[in-house]
Amino acid sequence: MIKTNLPVILLKGLVLLPNNDIRLEFDNDDSKSIVDVAELFHDNKVLVVNQTVNKDQAIKIDELPKIGVFSTISHKMELPNGKIRVVISGLYRMQVLEYLNTTQNNKVLESITTNLTRVNNLKQEIEAYTGKLKREVTNYVKQVPYANNNLAMTANEPDLDKLTDLIAPLLPISLDRLNKYLETNNAVLRAKMLLEDIYIEKENFNIEKEIDLKVKQNLDDNQKEYLLREKMKLIKQELGDSIPKEDEIAAFREKLMTLQADDNIKKRIEVEINRYDSLTLTSPESNIVRSYLDWMFSLPWNKKTIDDDNLIEVRKKLDESHYGLEKVKTRIIEFLAVKQMTNSLNGPIICLVGPPGTGKTSLAFSIAKAINRQFVKMSVGGVNDEAEIMGHRRTYLGANPGRIIQGMKKATSANPVFLIDEIDKMTKDIKGDPASALLEVLDPEQNKYFSDNYIEEPYNLSNVLFIATANYIEDIPEALKDRLEMVFLSGYTEYEKLDIANKHLIPKICQNHGLDKKNISINNNSILYIIRNYTKEAGVRELERQLATLIRKIVTKIVMEKEDKKQFLIDKQMIINYLGKEKYHFMYYNKTSRVGIVNGLAYTQYGGDTLPIEVNYFKGDGKLILTGSLGDVMKESAYIALNYIKANYQHFHIDYNKITKNDIHIHVPEGAIPKDGPSAGIALTTALISSLTGKKVPANIAMTGEITLRGSILPIGGLKEKSIGAHRNGINKIIIPKDNINDLDDVPNEIKKDIKYITVKNYTEVYNIVYNIL
């Protein structure tokens, strides 16, 4: 017995038979070492072994095959990317006596091999099998259209041993079967195996042809797209497997047994299951009914979450997540309290109305989290199709339920907190009026029988806690407004923003930027400086962005300059350096007492501010000139003020000729900003009297109130915000309508401590107060 030492190449997912070539690429050092060893010490000879275990498993020496292919590296090429490409030609089979697992650095697996004993078959037997095999291969190539074309080229090989090795890799057989060919040393046995495989392939092809014929007989011109489905069906019938549709129906019936729903819903589902069972797979209605069943099973009909009944804990969670907003928090606590007492209560339908950035949307999420309910959000801004709310009928292609039912599916419970965002921004056109579609959803007396066009069965929405949000109450349709419980969220005051920044924004921003809050020192004056000069909003979104910019600058400095300071003091100079020059300013015009200038008060979506009103007169014919982008209501207030003065000019000691022989010009600064409303009535009147009499109005006084032609002072809105704006500008006296005295309860105590409020019912009181102070 002659023994030969050869390096081993392990093939994973491939099988090399003798008399065949294989191309390989090596990219790691261990593989390249095998080629180098073969080239230096073994005249380019190697043993190729086909790994039979899973290619992802670790190699075990004792599990490697005992039969390999003695091969030669016939071609080698080094590629530019560092890889080596080789062509390996298999020569003949060899028996492996032992594998050597070397411990050298190159880790080349080697083997001790010997030649296999040659099997001597009868010459006649060899010739018979050679002829038979060639004829069957020729017939196979003619009969099977997808046969490998290279099979025809094997007909010229006279040697049975080589012929079997050439044919086997060209047949569509598995790797395990190819390994059987490699392990079989007897050429006659390999020929028998090949004939068996060829017969099997021919039979498979004939079965496929029969399946195709059966399918074609069952199809008409309109059902060709179901060809693949029918093939799968007939294949499973031939194999004796169950039809998938039967499994689906069985699964549907099993789900129905455990479904938490009313009897009428279960009966409807059972009817649809029977209908689905009667339909064929080729029926267009089959997919429609199946989709309907999927929706019916996915809805939480009677599945509910348990509310957190610890009201003190609920209130604590709401306070932790949002500052202020007392009215809406109180309303939620009241809802839970009544629910505990009655053990049965329909959910309230609350509408949060306020400017952008005041926390309406995030508050709804916090409410859901606090009372342990699921949360789902639906934005209806820009929706102009009522089918978005009510769903499409199943007769339409691609029909789906409306967004209410889709939201309930996402909630996975029948009593979630359901947020309907931007309810004031819906539109209507020829497709319908979505606001009208919401009337049924948001009516506590009707929504227990809500019917979606797709579901076609009543769905109980009475357990849902609906929360709607809007920016402008005027844009909500009256019929819809009547069904909502309005909770107004005015903009945050400066001091509320200050508290929010300290308690919520700064800790959150520091955490998001990988900075410890202890490393940041910023006092209240610096935060107020940012609020007043770098933001102009009712909410805190811009404030959060500005604070985040500051923290990012500090983090960048720490990283880039390797700053080791333990604490960074954020003062006014650092704010200017990092945020740039002041972006906004409030009106500081009337710092000194002057004739014809009065401090009015304005309430905008960004909060309160002083509104200086300037009046001057000059030669003319009694015309009234109004500038400053004044709205119609404010223009009417100016005419009312002037006509009131004309009617009472003697009381105010005014020369009537000044009114009739001069043109009067009223201007409100910052002309690019639109201004409207009646609350500047007494300020306009006072400014006119000051200009016409030459008397100065003290700069520390501001006033707000609507005036009538008889001089009565009517109440106004936004007193809280106007007071904050006046306080910011150094005003210490404010004249307000007497009917607004109850609104002082909403004004922060720190404001009321610094400002004296004077209430009036008639303008003569305003005149006496203003000019008796001088």
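Predicted model: local features only at pLDDT ≥ 70, side-chain atom pairs only at ≥ 80, totals over all residues.
**View 1. The largest pocket and its lining.**
Welcome to the largest pocket, which holds about 1100 Å³ of space. Its lining is made up of 34 residues, and those nearest the centre are Phe-488, Leu-489, Ser-490, Tyr-603 and Glu-721. Four elements each contribute at least two residues to this lining: the helices α11 (326-342) and α24 (719-728), and the strands β13 (485-488) and β17 (597-604). By residue type, the lining of the largest pocket has 16 nonpolar, ten polar and eight charged members.

**View 2. Helix α10 packed with helix α12.**
Here, α10 (residues 311-321) and α12 (residues 360-370) pack at an angle of about 150°, and their axes are 9 Å apart. Angles over 145 degrees count as roughly antiparallel, so that is how α10 and α12 run relative to each other. The crossing of α10 with α12 is right-handed. On the α10 side, look for Val-314, Lys-317, Leu-318 and Ser-321; they meet Ser-366, Ile-367, Lys-369 and Ala-370 of α12. Four nonpolar, two polar and two charged residues make up this contact.

**View 3. Helix α10 packed with helix α11.**
With α11, helix α10 packs at an angle of about 160°, the axes lying 11 Å apart. α10 is therefore roughly antiparallel to α11. This pair also has a right-handed crossing. From α10, the contact uses Leu-311, Val-314, Arg-315, Leu-318 and Asp-319, while α11 brings Glu-326, Lys-329, Thr-330, Ile-333, Leu-336, Ala-337 and Gln-340. The residues of the contact of α10 with α11 comprise six nonpolar, two polar and four charged.

Key: Residues numbered from 1 in each chain as written. Heavy atoms only, no water. 1 Å grid on protein atoms, 1.4 Å probe; cavity = no way out; pocket = protein on both sides within 12 Å on 5 of 7 lines; lining within 4 Å. Points joined across faces, edges and corners; volume = space filled by probe spheres on them. Nonpolar A, V, L, I, M, F, W, Y, C, P; charged D, E, K, R; others polar. Axes fitted to C-alpha atoms, helices over the stretch in contact; angles between N-to-C directions. Parallel < 35°, antiparallel > 145°, perpendicular 65-115°, else oblique. Left-handed = near helix turned anticlockwise from the far one by under 90°. Contact = heavy atoms within 4.5 Å.
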